[in-house]
Amino acid sequence: MSAEFHFGGDYNPEQWMDHPDILEEDIRHFHRMGINTVTLNVFSWAFLEPEEGRYDFSFLSFVIKRMGEEGISVILATPSGARPKWLAAKYPEVLRVTDDRRRMLFGERHNHCYTSPVYREKVRLLNERLSEEFGHAENVIAWHISNEYGGECHCPLCQDAFRNWLRKRYGSIEELNRRWNNAFWSHICRSFDDIESPSPIGEHKNPSLALDWKRFVTYQTVDFMSEEIKAVRKYSELPVTTNMMYDYDGLDYSRFADSLDFISWDNYPSWGTGFGGDGVLVAADNAIEHDYFRSLKNKPFFLMESCPAATNWQPYSHLKRPGVLEAASLEAVAHGSDSVLFFQMRNSYAGYEKFHGALIDNSGRCTRVMKEAEELGKKLRMISRVKGSIVHAEAAVINDRESRWAMEGAAGPRNAGLHFRDNLRRIYLGLRSCGIDVDVIDSEHPFDGYKLLVVPMLYMFRSGAEQRLREFAADGGTLVVTHWSGVADECDAVYPGLSPHGLADVLGLYRTEIDALADGKTNTAVPAAGNKLGMKRSYECSVLAEVAELTSASPVLVYGDDFYKGYPAAAVNSYGSGRAYYIASMLEEGFYADFFASIIAGCGIEPVVSGLPRGVFASRRTDGEKNFVFMQNFSASEVILDSSVASGCRIIAGSPERLPSYGTLVFEK
Amino acid sequence: MSAEFHFGGDYNPEQWMDHPDILEEDIRHFHRMGINTVTLNVFSWAFLEPEEGRYDFSFLSFVIKRMGEEGISVILATPSGARPKWLAAKYPEVLRVTDDRRRMLFGERHNHCYTSPVYREKVRLLNERLSEEFGHAENVIAWHISNEYGGECHCPLCQDAFRNWLRKRYGSIEELNRRWNNAFWSHICRSFDDIESPSPIGEHKNPSLALDWKRFVTYQTVDFMSEEIKAVRKYSELPVTTNMMYDYDGLDYSRFADSLDFISWDNYPSWGTGFGGDGVLVAADNAIEHDYFRSLKNKPFFLMESCPAATNWQPYSHLKRPGVLEAASLEAVAHGSDSVLFFQMRNSYAGYEKFHGALIDNSGRCTRVMKEAEELGKKLRMISRVKGSIVHAEAAVINDRESRWAMEGAAGPRNAGLHFRDNLRRIYLGLRSCGIDVDVIDSEHPFDGYKLLVVPMLYMFRSGAEQRLREFAADGGTLVVTHWSGVADECDAVYPGLSPHGLADVLGLYRTEIDALADGKTNTAVPAAGNKLGMKRSYECSVLAEVAELTSASPVLVYGDDFYKGYPAAAVNSYGSGRAYYIASMLEEGFYADFFASIIAGCGIEPVVSGLPRGVFASRRTDGEKNFVFMQNFSASEVILDSSVASGCRIIAGSPERLPSYGTLVFEK
Amino acid sequence: MSAEFHFGGDYNPEQWMDHPDILEEDIRHFHRMGINTVTLNVFSWAFLEPEEGRYDFSFLSFVIKRMGEEGISVILATPSGARPKWLAAKYPEVLRVTDDRRRMLFGERHNHCYTSPVYREKVRLLNERLSEEFGHAENVIAWHISNEYGGECHCPLCQDAFRNWLRKRYGSIEELNRRWNNAFWSHICRSFDDIESPSPIGEHKNPSLALDWKRFVTYQTVDFMSEEIKAVRKYSELPVTTNMMYDYDGLDYSRFADSLDFISWDNYPSWGTGFGGDGVLVAADNAIEHDYFRSLKNKPFFLMESCPAATNWQPYSHLKRPGVLEAASLEAVAHGSDSVLFFQMRNSYAGYEKFHGALIDNSGRCTRVMKEAEELGKKLRMISRVKGSIVHAEAAVINDRESRWAMEGAAGPRNAGLHFRDNLRRIYLGLRSCGIDVDVIDSEHPFDGYKLLVVPMLYMFRSGAEQRLREFAADGGTLVVTHWSGVADECDAVYPGLSPHGLADVLGLYRTEIDALADGKTNTAVPAAGNKLGMKRSYECSVLAEVAELTSASPVLVYGDDFYKGYPAAAVNSYGSGRAYYIASMLEEGFYADFFASIIAGCGIEPVVSGLPRGVFASRRTDGEKNFVFMQNFSASEVILDSSVASGCRIIAGSPERLPSYGTLVFEK
């Protein structure tokens, strides 16, 4: 791949096949903006195979060649994300069946059965031909497998596949009955054939079934993707990726990583309207996601899609204010991206996404967006030495999809909302406010190498998580566990005995009850007299308040109100060579900054930059020799930087004295 | 039955068949808490009949025997509430069809057709076997028929049954056409075969059809239940009950009473979060329901289920604060329950209800809940002489399910909400604030024996209700009728002539119009000059404001605003030897306290205790010789009792001087 | 037709066939109120043709004759709006198929396929018989074709008809693919047979398909209606109409006008609760609709239905306050109606609409409504010389259904709501505050004759709209164009080049971006220094804020905040002999009053009455010789009129000195 950051995005010139002038106009604009990469072929199946078995790659071939002539790299998509009409008409089995068991009609995009042998075959044949034809094209740099995999199908083929998957997982139906507690409600199955996927007109209140179904959907999607990869690999060695989505609940992306050469994802935050318009929260929320995707493989990822202007599908197509495009793009880079790519290069002239922001609009004029992109392109070239470097975080926070499926699928303890993501974001902000880099990881991710591990609301323990957490603490790590952790096993069965499961001695306490506070209701966490962290402020608690009995732990904060007044809201315990902290409730944002500030030195982590005001983030990429520090200011006001911050460092971009709102400073350290 | 209150609840040990130690651990806990009764078999069909026609009662038999050995009584359920998978697989007709005519899949619980001959046959065979096997077991004390009957089925079998039911009800299709006014919208039926149950994809705007369909669903459910009862009665004389639900709109429970030996119901209030967290309203709301179920047979009922901790299915699993468990349980007793039973004895380890509060949780530890249950058990033994006594109320308020079906199913006069239940609760609080007991009755319940009868929003008059109300007043009773009463007949056809139908002369007025006030909009009811009740305050009116012309009545309050200013908001009329009061709107809570306080003496009712502050309730059970008075305080503050309250009385439980928040005083008078 | 205004409404005496006394009672009430017209037969099919092919017109014949004897005219409906049960039972094809492809059951009213040959045939046969039988009855004055046409069907017959319609529209599938941009998402169709109507379980994100489907539904409905008309015309020359609905999104009524002899519509405003209870907005909203329907044929229309009391289907059945019935009825007349007709004459006694307000209620008593109707009847006779006169407006505002379909069906730029109607209402209020009459027109309506043309949010230009707008301005007209205009063509494809399409030079500017403001967020429009309109105030902007680059235009207001501060919020440009104004955002109501006040003189329009306070409306009908001026006050307070207003004029009704709240003054000028 190139030495420059990949800069460009999705391009669908099939729309203007009969307007070759538009392609040329686009190329002129590309050069002006410094575009060096385009993603092609995402929606091209109907052109590549206009009728069954007849392939026509002439236009694609022409465009790839034309891009090559202009020095533009191509990320080549397999077109399985949007199939042609003839395929659905001839083979209805490729159409999904909804959870209420209705066969869908052709339409939209994500509406194909991943199990269907016919679909798999047609995709395989086409992918192999693409591999043969373009797998060695000079300017093709990677395979973009399908597009935003997602959704699920409940057709008979999928039911069978699901049953087989369960058969392998459980071995016997008796074991499944036992693990799922099918005795309750008299739902004993006599054989795997008794099982149907969850349905609003059938079983929709069996949480173990629901959980395994979600796992199966991930399994089947990965299996489908693996077949796609195998096909493109037939004649090509190019690296493969697939574009993933923000906090997507439908798939467990941690299961995808092994099949891919590099990770990529699509980021569409609501700058200006999300989180009540608080840009700091938007930035933190993005950062969590960047860190999650980066941590999947611990190497540079691609920002595969983002919107250069406003999306068309959010409640408000709020324009990106000047500077936001650059700040958002460089945030991805700061967290480990080797690309800044957009959906899309040119606005489609009709159809669902015609008002989705693009670099080039229908007028063909030079727009504000285009000018900002041009500046951004310059900035990316300015910092090109950063490309390929990685992030080495000593702190990690667990964000486990399977656990969330189970936790959020459960009835109780707060059906009006558990606020996992909000809680995670507050913790993440607290960690970031210390000026440290953070990995966001699945619970099966190795813990070694981390000095600080935060475990927020990890409802499900599986694959020996408790044992690994014990070892982490025993070996000198700092472990932070919050409420509603260690509740259920991998089948969503509640653990017997003390809770959090397997950690009661590590934390020096056990949970007795958990209270749901209604929206708008709060409790208070007040400093415990003489607490070991020297905490002095009180903080608001909301959403859930866990009540725990201390055994060996010592309280840091205690509840100030209600019948559990005096019970710990936060506590600390020594365990082995390490320390274990417990947080009993969802506290206000400020707590996490104070809390991590008070323990970070004890963890042995050296901040990238310390003393950061709210909204200023610092992160570091390293190529093993040089460190590249990014500082970004997502607050509404300019920040004056301490002269020590970059003193003696080589400034790559931005000013070391003042960081304007949405400004970025990059230096070498 | 035993001389002690039944204390215990639902127990489903099938879940731990392979863990006999858990059963023994449970028994130890039972003894500690003083548990004397468990309900078994609710969800056991899959174990009792693992395949069609093969019965295996060994585990049930073992558990019943084991309970017997420990001195624990058993309420034995018929397991029809959750059928086994094989039954649905072999006989799809047992699965319900939704109102939009889709056959459901197996799953959940309440999903079986009550009409299906196959389902009825399978249930009959199993129930008969249970009757034979356990109908004379020493410690089995009652049959618990099925579980929370509910829902409806629109399958062809049900359509036929519905048509036959209509045929019997109307005799001829011409009569049905006339009563339903099918002439409107050209919906004349030529025969009963033309009729289909209401459907969102068919007829959903014929209120007479909708009403009769609801009646039919009740009829068919009672019919099904009666077959179940017949089967268990084949070899057993034990009393039968079925567990009913809070204010359940799907069935008219008044039709169930004759088939049952005693009434039981399941109470799951939202202590701490319901009604904005106002415990007084929660308590009043429960009390209405207790009184409703008690009045069905005018004898002691069973609190069959309640939650010892927090439910798992409400928006917030808000913990019961210390004292609430006792107060809520004793409230049932105060209103006539001979039991305090819970769902459930031990938490299931997996499945939908695993986080539903139980006496014993998955940890097996001794919890706060267990300790409170232990105290409650002691209290129940302390007051055991109360068991079997009844409540004799001289006041009644009508809460008629059929009338509500019709009223709430009608389009107009306020589709944004009629607030019947809120209105009822305000009236009930007003009555209770006078310190009197109240029956809550169906409109077909006999009126004799009452001195005060309140008729709030009784939209539908049927079976000669107007004549019975006339007689009640004529014979010296005090009748209170509110707005939107006497509108329609039993087919939901509007009565011709003056309105409220048949009562215009009794009330001395007739309705001319009814105005809907938008949410947040109010009118005022101001004292009529020289009004006979000496009312002096003004009150807020909301929701609906009826405009009436007075004939012989005299105004008590008049509207203060709008074009009907000066029209009566409340009025009084003499009729025969009695008095008839009219209330034209939904007034603020305080009005009903003032109003009933001003008329109660004139009704000739002696309060149980008078001068009660808001939130303190008094009620009385009597065994014909002795009276047992319960005083409970559901306000947030302790109340100092007047020394006269219990002076000279034998105190059974609690202090006669001070009633703490959520405290209970029981004395003999 | 008669020289009097038609006064009466829908009458369905079939409901009381067996109560001939009720018909006679009704007639007595009719005379008391001055009723001279009833609409019969709307829901009578089941009586007219009780079984297939057997017709029985005896009752209808009797009622028409009886009305004739009493001097009452009859508007005769074709009964296709509610078909009999036997028809659906025998020919299921007449039942609609929903968009998710489910065949509906019999029920409700509007549930018949307009394509079905059987349905068309049965309707034709019946209509011809009605034509023959009653087409020359002395007191039958018009045909009321069906009832509130609406809804859509997705059955195979409709799919075929849709494909044929598309075939005619596009000629070739290639052309359709190109116009719809089916290349995007790989949705290329190989033939018209590939196309299915939009469906939630199929294609629901193709805006061009959705738009053409809506057009087809209108086309097919008009086609069905035309067949109905042809049938009644077989033996009759009577004028035909069909009753249309308020701002009905399901049909483009502008396509109906040519088939009808006169327009009629049904008006059910929410007096007292709509628009936060602001009667001025309710009145303005009604007025827009009256003007829209009048403009369809530029001649007197009929108010075919309205509610004399409260409807039964709105959230609140809020009673009409005294005076509202008259004011609302005369508002229709003021805007060009030759009738005041109600739904309905007598309350049905049962069924869905039994609580829908009627002139005669179930009690048969003389009610407040009846007394107000009696007064209204007198007033109508007082002003009868106005009947037949027309409105001649010199200003028009475009309200184009097709454009709204496209605009509101698009994803972006503000899915949380574009607030078209609110924007239109503010503009309309501004125009009316100048005391001028306004036509509300489709974009294909001729522009000649207007001096001022307002084009709010005309997203779609079609049939050369831009050219016609250019000519209007060039020829000396005053053109006002707002944000989000001229975006897309008739296939919802975005125009290339500068925007608003074809008007950039006319307006002297072009759009560069459009920003969506979140609910509750605003910008400000401040006066541009030395602006040509002398505007001095600032106004709040919300919802959408368009950013435009000025070329030749001069700014009137500029944005006060955000990154587009200083960009025009309003601008003016000279073009040819005319002027073109541009408004970039949705401004507060007050702006439009100030803006139009400042330009109205320059337009050369003479107000009917000038200097009107908020809520007072003036309008004028003319018979070519005499002008009839209506002044109405919809504010909450009485208004003292300037003595000059009606000086020297003949007062027909009301006082020329003071206009009470909801009062009307009519004079000849």
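Predicted model: local features only at pLDDT ≥ 70, side-chain atom pairs only at ≥ 80, totals over all residues.
Visitor: Are R294(C) and D291(C) buried or exposed?

Guide: R294(C) is buried, and D291(C) is buried as well.

Visitor: Which part of chain A holds the salt bridge of E408(A) and R404(A), and how far apart in the helix are they?

Guide: The side chains of E408(A) and R404(A) meet with an N to O distance of 3.4 Å. Because these residues are 4 residues apart in helix 12 (residues 401–409) of chain A, about one helical turn separates them.

Visitor: Which residues are linked with E408(A) and R404(A) in a network of salt bridges?

Guide: The network in chain A includes D247(A), D249(A), D285(A), E289(A) and R401(A), and it also takes in R421(A), D422(A), R425(A) and R426(A), together with R404(A) and E408(A). Over all chains, a search of the whole structure finds 210 salt bridges.

Visitor: How many residues apart are E128(C) and K234(C), and where does each one lie?

Guide: E128(C) forms a salt bridge with K234(C), and their closest N and O atoms are 3.4 Å apart. This pair links distant parts of the chain, since E128(C) sits in helix 5 (residues 117–134) of chain C, while K234(C) sits in the loop between helix 8 (207–232) and strand 5 (240–241) of chain C, 106 residues apart. With 13% relative accessibility E128(C) counts as buried, whereas K234(C), at 46%, counts as partly exposed.

Visitor: How should I read the place where chain A and chain C meet, and how many residues of each are in contact?

Guide: One can begin with the residues that touch, and here 49 residues of chain A are in contact with 55 residues of chain C. One can then turn to area: the two chains bury about 4300 Å² between them, with 59% of it on carbon and sulfur atoms. Within the area that chain A buries against chain C, E108(A), Y352(A) and F355(A) supply 16%, which is more than any other three residues.

Visitor: How many salt bridges and polar contacts are found across the interface of chain A and chain C?

Guide: The rule finds 6 salt bridges across this interface, as well as 28 residue pairs in polar contact. On the side of chain A that touches chain C, helix 2 (45–48) and helix 4 (85–90) of chain A each supply at least two residues. The residues of that side divide into 22 nonpolar, 14 polar and 13 charged. A salt bridge between the two chains joins the side chains of E513(C) and R368(A), at 2.7 Å from N to O.

Visitor: How many residues of helix 10 of chain A are buried?

Guide: Helix 10 (residues 324–334) of chain A is mostly covered, with 11 of its 11 residues buried. Among them are the charged residues E326(A) and E331(A). The helix is followed by G336(A), whose phi is positive, near 120 degrees.

Visitor: Which residues other than glycine have a positive phi, and where is a peptide bond cis?

Guide: As a general idea, most residues other than glycine have a negative phi, and most peptide bonds are trans. In chain A, M457(A) has a positive phi of about 50 degrees, and this residue lies in the loop between strand 12 (452–455) and helix 14 (465–474) of chain A. With a relative accessible area of 2%, M457(A) is buried. In chain B, the phi of W484(B) is positive, near 55 degrees. W484(B) is in the loop between strand 13 and helix 15 of chain B, and at 5% relative accessibility this residue counts as buried. The peptide bond from S499(A) to P500(A) is cis, with omega near 0 degrees, and a cis peptide bond also joins S499(B) and P500(B), with omega about 0 degrees.

Notes:
Residues numbered from 1 in each chain as written. Chains lettered and ligands numbered in written order. Heavy atoms only, no water. Contact = heavy atoms within 4.5 Å. Buried area = accessible area lost by both parts, 1.4 Å probe. Salt bridge = Lys/Arg side-chain N within 4 Å of Asp/Glu carboxyl O. Polar contact = N/O pair within 3.5 Å; in protein donor to acceptor, adjacent residues only side chain to side chain. Buried < 20%, exposed > 50% of the residue type's maximum accessible area, 1.4 Å probe, protein only.
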